[in-house]
Amino acid sequence: MPGKKEAAQGTGYPVRKEGLRKRRRVGETIIQSLLFFAGFFSIFTTLGIVYELGKEALLFFRTPEVDPWEFLTGTSWQPHINEFGILPLATSTFITSLIAMTIAIPLGMAAAIYLSEYASHKVRRTLKPILEILAGLPTIVYGYFALMFVTPLLRSLFGNDVVQIYNMASGGLVMGILILPLIASMSEDALNAVPRALREAAYGLGATKLEVVLKVVVPAALSGIAAAIIVGISRAIGETMIVAVSVGAGPNFTFNPFQSAETMTGHIVRISGGDLSYDSIDYNSIFAIGLLLFFITLTLNIVSQRIVRRFREVYE
Amino acid sequence: MKKNNPSYSNGGRFRDNLATRHRAGVIWQIVFQASTVIGIIALTALLLNIIDGAFGYVAYEARVDPASLAVDGVAIEDLPQELLVEILRQNLSSGAFNKLDNEIPFNERSRINVYDLVIERIVRYDVTESWTLRESLTQGAEIRARVIEEYPDAELRFISWINAEFIQRPQSSEAVNAGVRTAILGSLLTILVTILVAFPLGVGAAIYLEEYALDNWLNRLIRTNINNLAGVPSIIYGILGLAIFVRVLGVLTSGAVFGSVDPTTASGRTVLSAGLTLALLVLPLIIINAQEALRAVPQSLRQASLSVGATKWQTVWSHVLPNAIPGILTGTILAVSRAIGETAPLIVVGASTAISFDPNIFSRFTTLPIQIYQWTARPQAEWRHLAAAAILVLIVLLLSLNATAIVLRNRSTKRF
Amino acid sequence: MSTTADSNYVIETRHLAIFYGDFKAVTDVNLRIQRHKITAIIGPSGCGKSTLLRSFNRMNELVPESHASGQVLFDGQDLYARQVDPVEVRHRIGMVFQKPNPFPKSIYENIAWGARVHGYRGNMDELVERSLHQAALWDEVKDILHRSGLALSGGQQQRLCIARTIAVQPEVILMDEPASALDPIATLKIEELMEELKRNYTIIIVTHNMQQAARVSDYTAMMMLANGHARSGTVIEFDETNKIFTRPSDKRTEDYVTGRFG
Ligand SMILES: Nc1ncnc2c1ncn2[C@@H]1O[C@H](COP(=O)(O)OP(=O)(O)OP(=O)(O)O)[C@@H](O)[C@H]1O
Ligand SMILES: [Mg+2]
């Protein structure tokens, strides 16, 4: 600090009159406050999400045309005739996610087991980044793939009269391909974290490789794998562009995967892609759907984190 | 002799099941391996599908035969600028001609630009039909025969939809003239805003959490909150951006408070709003990645610095950060490449459908993924070829970012 | 089972060498392990004791790039012959590790698991009880059989691992410093247990503890980095424990067992 520059005899250091007493360091305090603000900032994001979604959703439910019970149980979503039943949107979200997970869970887990337990070091080192690139491609690219490749494929397999141009199956399948590497990569990390000593214990008893893998390693990594699966589900429910491009543009209450429908996310995108005026019921409705989406995915994420934390406790 | 050793006799106590167990092992190994292969096949199919769309035969038809515009036998390709302007004057309505002249006077335009205008406004090529790469390769003869028969005036060409002009041209309502210049600039500008906001905030938050925060309820809440935000679907951020940046902060994000008077952006649906929305989206990812990088710096380094009497911040600034920075940059690049590919939140924030001017931060915006979405959603095949070409541009952009991240990561792992 | 070899010896190695990639960790080991005796392997750190021990039940091949040359004969049969199944080898030659490594399952399951894998047909409860008795753990855990094996103390965990090994009824039990993580009382328990077990099993133990080797073992193999070979370990002396500790024939052995070594 300037003003204290006279060096103490011989040491070359400035003399400190305060001795060992605590000093106020203004610079440090300012920096620390700035850092605290940065850390705290994310709380604002969450508050913003909850406040804005909540406020507009409340306006939505306050309008006379909307009945909260009707919203949760109604099977028709047609704003222009004041029908606001979420079920057609929710079932379509559910069906596409179900198809996706049917693909992604078994294939992703099997791929994880192969990579972590069977593949040679070299194979793993090349395959894992490839899978991660696959998981990192923008989802609009997958949307293109669903519409231009998977839909024509499904239509040629099952017939044009069975499979509509826009359909839930193709969106769900491609979503599965998107989530596969996610589950594979996260599960592989969980399998890798299983201590070597445990494997050796099983081998030492004369177990075959498969027995070691399926009966010791996988159960030991199960919570990590479960967390991966839950994150995958949450990803599927929140996924937007694939379904917006390939599943359809109109709510349809159906359980037939070859029919077109509209998911919650797809609906939000379509409504807000047009010219949306504030304070219209359309504007408010996307907040209500968004709020529902937020709570579903938040719950899933919290559950997954709980599971991961328990998994840490076992080994550390 | 062995009989008196109890462990020797497999005397019926253990079933001789070794063969079965090994068979199961082989079968499952094949299952595991096949699953991995299926994943790889899916990736391959996806890439091939995009390449398939980005190249192939196209049949064009000109509304006005360019040969008919030739002056004194000189084809329009070789005409000087003045004559091209003359052609424009003769063939366009005077209103349209004056409008072009008002935008940029003709004598200030380049010859190429005027030539493009002639092609775009007068000759007007239309795509009559287009084919994918696979069709073009396997059915070349049939395609040629069909074009001669059905579209006698059309010109058939094998083209790459992704080419230099495609990258340099602005968006257009005609497929043959459409390019991704607007979208690329839009993406870059949006990301710039995102980085400028999210990087300092994210790294600051990570430093706070890793170096300063005590283990109390508030900091635990912050940590949990960040993890939860990382899992919120991106479309929710779009809705948040719409409510906050577009609606509440509209005066700010439209540039009105800074004296920008573009009436089209008064709604706040601007590059700035888009960039801020994406900043909120990637912030938790940057924080989490940066925390990991900071955690990888050995504790002994901090102790060494503190033990010579450095303050906390001096320690962080001169020892921790320099060692963590490659890791922090890697994490940031990965987060940013996520932001570059995001589509849904930008649609909700209000991306524009058709803009053809170079954007600034207070102008309406489009980005590469938005462009891809809009082109994919159109039913005509030629737009989907353009979408495929734009996807290739996007992938190249992302791969080069990822390659940078890998280089940085390799450099950082050599440290300790 | 063929027995061309002298059936007093369970394991016999001939010019055994073990590599990690290009690195020859152990070279030219020729040993004959007596049935129903305890054989100790001693030697300075890094001389290849664990490596040698793990080669006896082919655990070593779980390390990528590791391979062996020479022979390990088990009842006269070469363990490294092409037709030999490592899984079966490990069934017959069990192993207890330095750090206790129970499965994250219940105590009961820890023991039943291996038996089940091998298609055990007898009464499982009985087997569990008997194995725990043999491992001198029964009295301590009989009321908490369904609690996690990880909830036990280190010494109890190690005895659980021994019980688990016994349950699949091997002929030989390999122990790699089984007591190094334990306190003197738990160590004593394990040593008593070994004394007990040797009636039915052949035991080979790696230990750093000279007193322990002297107390429990009948035979001792002294390992050392071999002269001339760059950093390869080998057995420099192998004899009755008594003799190794009182009248070793190799000067290096004498230095080591009396604590004068490095
Ligand atoms: N997995 C491995 N890969 C490569 N080299 C190894 C591996 N395990 C051991 N080695 C090397 O082999 C040599 C012998 O190691 P080993 O573990 O057998 O020694 P040890 O006598 O058991 O030592 P300690 O008494 O410390 O346990 C050492 O030089 C070691 O570095
Ligand atoms: Mg050892």
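Mentor: Before we start, one term: a helix axis here is a line fitted to C-alpha atoms, over the stretch in contact. Also keep in mind that this is a predicted model.

Trainee: Fine. At what angle do H8 of chain A and H1 of chain B cross?

Mentor: Roughly 65°, and their axes come within 8 Å.

Trainee: Staying with chain B, what order do the strands of its open sheet take?

Mentor: The order is S2-S1-S3, three strands with antiparallel pairing. S2(B), residues 125–130, and S3(B), residues 155–160, are the edge strands, and each pairs on one side only.

Trainee: By how much are neighbouring strands turned against each other?

Mentor: By 40° on average, with direction ignored.

Trainee: How many bridges join S1(B) to S3(B)?

Mentor: Six, and these two strands run antiparallel. S1(B) spans residues 55–62. To find the pairing in the model, look for Val58(B), which stands opposite Arg157(B) in S3(B).

Trainee: Back to H1(B): which strands of the sheet does it touch?

Mentor: H1(B) packs on the sheet and touches S1 and S3 of chain B. The direction of H1(B) makes about 25° with that of S1(B).

Trainee: Switching to chain C. How many residues of S9(C) are buried?

Mentor: Five of its five, so to speak the strand is mostly covered, since buried means under 20% relative accessible area. S9(C) takes in residues 202–206.

Trainee: Which way do they point?

Mentor: Thr202(C), Ile204(C) and Val206(C) point one way, while Ile203(C) and Ile205(C) point the other way.

Trainee: In what sense does S9(C) pair with S4(C)?

Mentor: S4(C), residues 38–42, and S9(C) pair in the parallel sense over four bridges. Ile41(C) has Val206(C) as its bridge partner in S9(C). S8(C), residues 172–176, also runs parallel to S9(C), and five bridges join the two. There, Asp176(C) stands opposite Val206(C).

Trainee: What unit do S8(C), H7(C) and S9(C) make?

Mentor: A right-handed β-α-β unit, with H7(C) covering residues 184–197.

Trainee: Where does Lys198(C) lie?

Mentor: In the loop between H7 and S9 of chain C.

Trainee: Is Lys198(C) buried or exposed?

Mentor: Buried: its relative accessible area is 18%, and the cut-off for buried is under 20%.

Trainee: What is Lys198(C) in contact with, neighbours within four places aside?

Mentor: His36(C), Ile38(C), Ile203(C) and Asp218(C).

Trainee: Last one, chain A. How many helices and strands are in its secondary structure?

Mentor: Twelve helices and two strands. Along the sequence the pattern reads α-α-β-β-α-α-α-α-α-α-α-α-α-α.

Trainee: And what percentage of its residues count as buried?

Mentor: 53% of the 316 residues of chain A. As for contacts in chain A with a separation of 6 or more, 68% are between residues 24 or more positions apart.

How values were computed. Residues are numbered from 1 along each chain as its sequence is written. Chains are lettered from A and ligands numbered from 1 in the order in which they are written. This is a predicted model: local features need pLDDT of at least 70, side-chain atom pairs count only at pLDDT 80 or more; totals for chains, interfaces and linings use all residues. Side-chain values use heavy atoms; hydrogens and water are left out. Axes are lines fitted to C-alpha atoms, for helices over the stretch in contact, and angles run from 0 to 180 degrees between N-to-C directions. Buried means under 20% relative accessible area, exposed over 50%, partly exposed in between (1.4 Å probe, protein chains only). Two strands pair if DSSP finds at least two bridges between them. A crossover is right-handed if, with the strands pointing away from the viewer, the path from the first strand over the helix to the second runs clockwise. Contact means heavy atoms within 4.5 Å.
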